[in-house]
Amino acid sequence: MKTIELDDDLYFYIASQTRHIGESASDILRRLLEQPVQVTAPVTEPVTAPQPVAARSNQGVQALLDSGELQKEEKSINRFMQVLSTLYRDDPAGFTQATEIKGRKRVYFSRDPDALRASGSTTKPKPVPQTPFWVITNTNTSRKQNMVAQLMSSMGYDDEVIAQVCGAI
């Protein structure tokens, strides 16, 4: 296996094209390039196709980007939490899909902090402000961006907005 470097916008685009949990970047690229795919991970149920986000529900995310609030925050964890809170306010029902976003061993989102603690020894769960959800916070910025990209994609946001938001984290 070879390693390549990608610009952030390309990385987030590839991550946003995930069809099922556990799909590798190589599988996504093969599918996008219409080449035969060798399944390397067990296939789980496909994620349902995202429904377009209504214009009114996109306003919170766009307002957050336009306001400069994210740029004022020094810590990525605070920017991450602001984005998650805004996504919830934009579409509480769509945000429930966050519980489907998981790593190989870790659960990333839950309504129960104990479920997050049980998925790893150093998850450091924190409540997402003004929501009933908790999120693990002991991840690097790149992983946080990936989590947001997957969530926004499943909620139906377009790739350009996803790249803007993830770039601001």
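Of the 169 residues of the chain, 40% count as buried (under 20% relative accessible area, with exposed meaning over 50% and partly exposed in between, for a 1.4 Å probe and protein chains only). The model is predicted, so local features need pLDDT of at least 70 and side-chain atom pairs count only at pLDDT 80 or more, while totals for chains, interfaces and linings use all residues. Residues are numbered from 1 along each chain as its sequence is written, and side-chain values use heavy atoms, with hydrogens and water left out.

The secondary structure comprises nine helices and three strands (DSSP runs numbered from the N terminus, with helices being H or I of at least four residues and strands E of at least two). Read from the N terminus, the order of elements is α-α-α-α-α-α-β-α-β-β-α-α. The three strands form an open sheet in the order β1-β3-β2, with antiparallel pairing (two strands pair if DSSP finds at least two bridges between them). Strands β1 (109-110) and β2 (125-127) stand at the edges with a single partner strand each, so one side of each has no neighbour in the sheet. Two bridges join β1 to the antiparallel strand β3 (residues 134-136), and F109 has V135 of β3 as its bridge partner.

In α5, 12 of the 15 residues are buried, so the helix is largely enclosed by the rest of the structure. Among the buried residues are S76, I77, F80, V83, L87 and D90. R89, also found in helix α5, is instead partly exposed, with a relative accessible area of 48%. The C-alpha atoms of R89 and G60 are separated by 7.4 Å, although these residues lie 29 apart along the chain.

Aromatic contacts come next. Four aromatic pairs are counted (rings of Phe, Tyr and Trp, the last by its six-membered ring, pair if their centres lie within 6.5 Å; planes under 30 degrees apart count as stacked, over 60 as edge-to-face and the rest as tilted). The rings of Y88 and F95 have centres 5.6 Å apart and planes at 85 degrees, so this pair is edge-to-face. Both Y88 and F95 are buried. Y88 and F133 also form an edge-to-face pair, because their ring centres are 6.1 Å apart and their planes lie at 65 degrees. Since Y88 lies in helix α5 and F133 in the loop between β2 and β3, the pair ties together parts that are 45 residues apart in sequence. The relative accessible area is 19% for Y88, which is buried, and 1% for F133, which is buried. Y88, F95, F109 and F133 form one aromatic cluster.

Finally, one cavity of 30 Å³ or more is counted (on a 1 Å grid over the protein atoms alone, a set of points where a 1.4 Å probe fits but cannot get out, with lining residues having an atom within 4 Å of a point). The largest cavity has a volume of about 40 Å³, where volume is the space filled by probe spheres set on the points, joined across faces, edges and corners. V61, L64, L65, L70, V83, T86, L87 and V165 line the largest cavity. Helices α3 (59-67) and α5 (76-90) are the elements that give two or more residues to this lining. By class, the lining has seven nonpolar, one polar and no charged residues (Ala, Val, Leu, Ile, Met, Phe, Trp, Tyr, Cys and Pro count as nonpolar, Asp, Glu, Lys and Arg as charged, and the others, Gly among them, as polar).

Methods
1 Å grid on protein atoms, 1.4 Å probe; cavity = no way out; pocket = protein on both sides within 12 Å on 5 of 7 lines; lining within 4 Å.
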